[in-house]
Amino acid sequence: MSDHIETRVYALDPQQPDPAVIAQAAAVIRAGGLVAFPTETVYGLGADATDSAAVGRIFTAKARPPSDPVIVHIAAVEQIDLVAVDVPPIAWTLARAFWPGPLTLILKRGALIPANVSAGRDTVAVRMPSHPIARALIQAAGTPIAAPSANTFSRPSATTAQHVLADLRGRVDIVLDGGPTPVGLESTIVDLTGPAAAILRPGGITIEALRQYIPAIEVRSRLLAMDAAAEAPGQLIKHYSPHAEMRLFAGVDAAALTPMRTAAEALIAGGRRVGILITDEDAAHFAGLPVEVGSLGSGRDLAAVGARLFAALRDLDSRAVDVILAHGFGHEGLGAAIWDRLLRAAEGKVIDAE
């Protein structure tokens, strides 16, 4: 594959994708090429998960370090046995409860999956997406598909085909445009290879939902150095990051708004161009300031906030802000996943709102 390739873009009905287009994309996968496609979480950059050379092209296209594993996507629960070995009973329980959907399981890697999928580890990250385009592509390809998010490394994940093209045009063979992804946050990752089940990344399946099946499940989210070997995707300290500097305030809602406005005023006085990542209810707090507002919708709907998060970060970048200010939404439900993404976008640095 050359360094620059012609990227073909196909618009598809997300509920009833054109079988002829899916067949073209599946042929590219089987030939060792790269296809970007929507899942219910974010867009994925897919290659044949059984072909080490094809998987290597994912890392090259994204400029992703080989120490950061990627997720293997399958089309049916029974295909776990194609990609993993020594599968514990709880894996089947969770798969039947949450698949298809935004849950990734870390299992022991099977012989079919090359080592570079998993950064050389003997484990493999597996999930079964629910998006009809993703499901159709995996089924037509007839092979598991390895796919991290379809963006350049450490950038905000792509939730539209336009985001994919902004980062990867000329590096990917086909982009399947199925419109905005509905969840907008990556999958929850659960490690089932140790003595106790552990959540390595919060995501579209909440911790509370998982505790209905594993009451004692641990949360083992880590902020790893950029050159560290990760157990799973999404563990590095810098991830989902805009080009602008990100400042994250620890307070929730009203507790964070006053220090955020004070910081914005100081930055503006110093000649900096400021973006505010904020809900519709809180936008009035910054009235009268020359700031760029990245709308997250209503703070009463965390699903909508999560779905808009990456698009809002990219939008503020497109308006050439120097600094983006944001606060969290608590650590319950989807708030945990939103906080995780904001924390990594800010490279692990948090400003105490007190």
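Helix H1 runs over residues 19-30 and has 12 residues; helices are DSSP runs of H or I with at least four residues, and strands are E runs of at least two, numbered from the N terminus. From first to last C-alpha, H1 reaches 16 Å, close to the 16 Å expected at 1.5 Å a residue, where the expected span is 1.5 Å times one less than the number of residues. This is a predicted model, in which local features need pLDDT of at least 70, side-chain atom pairs count only at pLDDT 80 or more, and totals for chains, interfaces and linings use all residues. Residues are numbered from 1 along each chain as its sequence is written, and side-chain values use heavy atoms, leaving out hydrogens and water.

**Helix H1**
- Val21, Ile22, Ala25, Ala26, Val28 and Ile29 of H1 are buried, meaning under 20% relative accessible area with a 1.4 Å probe, protein chains only.
- These residues lie on the same side of H1 because they cover an arc of only 155° around the axis, taken from the directions from the helix axis to the C-beta atoms.
- Strands S1 (8-11) and S2 (35-38) and helix H5 (132-141) are among the elements that cover them.
- Just after H1, Gly32 has a positive phi of about 95°.

**Nonpolar cores**
- The largest nonpolar core has 53 residues; such a core is a set of buried Ala, Val, Leu, Ile, Met, Phe, Trp, Tyr and Cys residues joined through side-chain atoms within 4.5 Å.
- Ile80, Trp99, Leu103 and Leu105 have the most contacts inside this core, contact being heavy atoms within 4.5 Å.
- A second, separate core of 25 residues includes Leu309 and Phe329.

Technical notes:
Buried < 20%, exposed > 50% of the residue type's maximum accessible area, 1.4 Å probe, protein only.
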